[in-house]
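This report describes side-chain contacts, covering charges over rings, aromatic pairs and salt bridges. The structure under discussion is shown first.

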Amino acid sequence: MTAPLLSLVVPCRDRPEALNELLDALDAQQGAPAFELILVDDGSEPPIRGLRETAYPLRVVRQIPLGISAARNNGVRQATGEILLFVDSDCAPEPDALAKLAEAAAAHPEDLAFQLGLVSGEASMVQRLEGLRLEAIQALTTSEDGHVGFTNTSGFALRRAWLGDSPPFDTAHLRGEDSGLLMRLAREQKFPRHVPEARVHHKPDLTTWQFIRKHFWIGYRAGLARDEMRKSNVELLSNKERGRMFGQIRAAAKRHGWGPSHLFFLILCYANERRGRIMHE
């Protein structure tokens with residue numbers, strides 16, 4: 001059997017219903033190359049089972065709860081594709097996303113990694129906040145040559161050949177594991193190519209206050225990854241750049257016709273993330 005071009009690696013735990021939208025989105029792919037889906041069940045109780053039949057190969061790999069980095073590494077070991085595509089279980093690629101990714105990979109054989117275009121929905125305050133944040137940070141970190149100083153494994157692809165036998169993610173990183181991968185690419189001056197036309201919808205299912213509280217743990221648990229990036233002289237967003245990001249968020253919210261509360265809540269998120277960083281230090 002011929003190996004697929006793409007291997008989608010999706011970690012999941014305890015929310016099998018969240019997978020339905022992802023499976024629907026993959027069923028709806030148009031013009032996509034051959035792909036497989038590897039779901040890594042990171043210790044769900046009860047284990048995920050009974051998923052529907054799919055037109056593409058689907059495997060469920062189970063492990064004791066070891067964390068999202070270990071789950072992705074486990075999925076990579078099972079993958080057979082030339083390009084590894086990491087997607088989260090609460091995400092849904094648009095119908096042409098896999099085709100657009102394949103086109104970008106073929107057009108830019110010198111690139112090792114590809115950051116897909118991340119968007120969110122408008123069904124809740126949290127989805128709108130996430131969409132504004134993603135829009136601003138992708139715009140701020142994308143360079144004129146089409147590369148981006150940003151990784152987010154809600155939609156991130158990597159050529160398997162670059163990895164060799166090494167796992168892509170450092171399991172010591174409780175958060176910020178995608179930043180650790182960016183650090184490895186940056187050392188070789190191989191920043192990911194941004195593929196904004198290959199869009200993936202990230203739709204977190206949280207209340208506004210859960211979303212704000214979550215940012216404390218993002219700041220705290222990503223501390224090790226941030227420390228290593230500083231030691232490697234990988235640039236982090238400066239306060240001035242974050243100010244520009246909030247300016248872009250305010251302009252985008254106004255363009256969408258959304259009120260100033262969106263900017264206020266995102267500032268609270270950032271402040272809570274800062275608290276987490278300080279606690280880590």
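In this predicted model, arginine 128 lies over the face of tryptophan 258, at 5.8 Å from the ring centre.

The structure holds eight aromatic pairs. In one of them, tryptophan 209 and phenylalanine 265 have ring centres 5.9 Å apart and planes at 90 degrees, so the pair is edge-to-face. This pair links distant parts of the chain, with tryptophan 209 in helix H7 and phenylalanine 265 in helix H10 (residues 261-280), 56 residues apart. Phenylalanine 265 is buried, its relative accessible area being 15%. Together with Phe264, Trp209 and Phe265 form one aromatic cluster.

Helix H7 (residues 208-221) also contains tryptophan 217. Tryptophan 217 and tyrosine 220 form an edge-to-face pair, at 5.8 Å centre to centre and with 90 degrees between the planes. The two residues are separated by about one helical turn, because they are three residues apart in helix H7. Tryptophan 217 is partly exposed, with a relative accessible area of 41%, and tyrosine 220 is likewise partly exposed at 35%. On the surface, Trp217, Tyr220 and Met279 form a nonpolar patch with about 330 Å² of accessible area together.

The charged side chains form 13 salt bridges in the structure.

Glutamate 130 and arginine 133 both lie in helix H4 (residues 125-141), three residues apart, or about one turn of the helix. Glutamate 130 counts as buried, at 3% relative accessibility.

Salt bridges with shared partners join Asp24, Asp27 and Arg52 into one network. How many residues apart in sequence are the parts tied together by aspartate 24 and arginine 52? Aspartate 24 lies in helix H1 (residues 19-27) and arginine 52 in the loop between strand S2 (35-42) and strand S3 (58-63), so the pair ties together parts that are 28 residues apart. Arginine 52 is partly exposed, with a relative accessible area of 31%, and aspartate 24 is partly exposed at 44%. Aspartate 27 counts as partly exposed, at 39% relative accessibility.

Key. Residues numbered from 1 in each chain as written. Predicted model: local features only at pLDDT ≥ 70, side-chain atom pairs only at ≥ 80, totals over all residues. Heavy atoms only, no water. Patch = residues over 30% accessible without salt bridge, like charges linked within 9 Å, V, L, I, M, F, W, Y side chains within 5 Å. Areas by Shrake-Rupley, 256 points an atom, 1.4 Å probe, with all protein chains shown as cover. Salt bridge = Lys/Arg side-chain N within 4 Å of Asp/Glu carboxyl O. Helix = DSSP H or I, 4+ residues; strand = E, 2+ residues; numbered from the N terminus. Phe/Tyr/Trp six-rings, centres within 6.5 Å; stacked < 30°, edge-to-face > 60°. Buried < 20%, exposed > 50% of the residue type's maximum accessible area, 1.4 Å probe, protein only. Lys NZ or Arg CZ within 6 Å of the ring centre and 35° of its normal.
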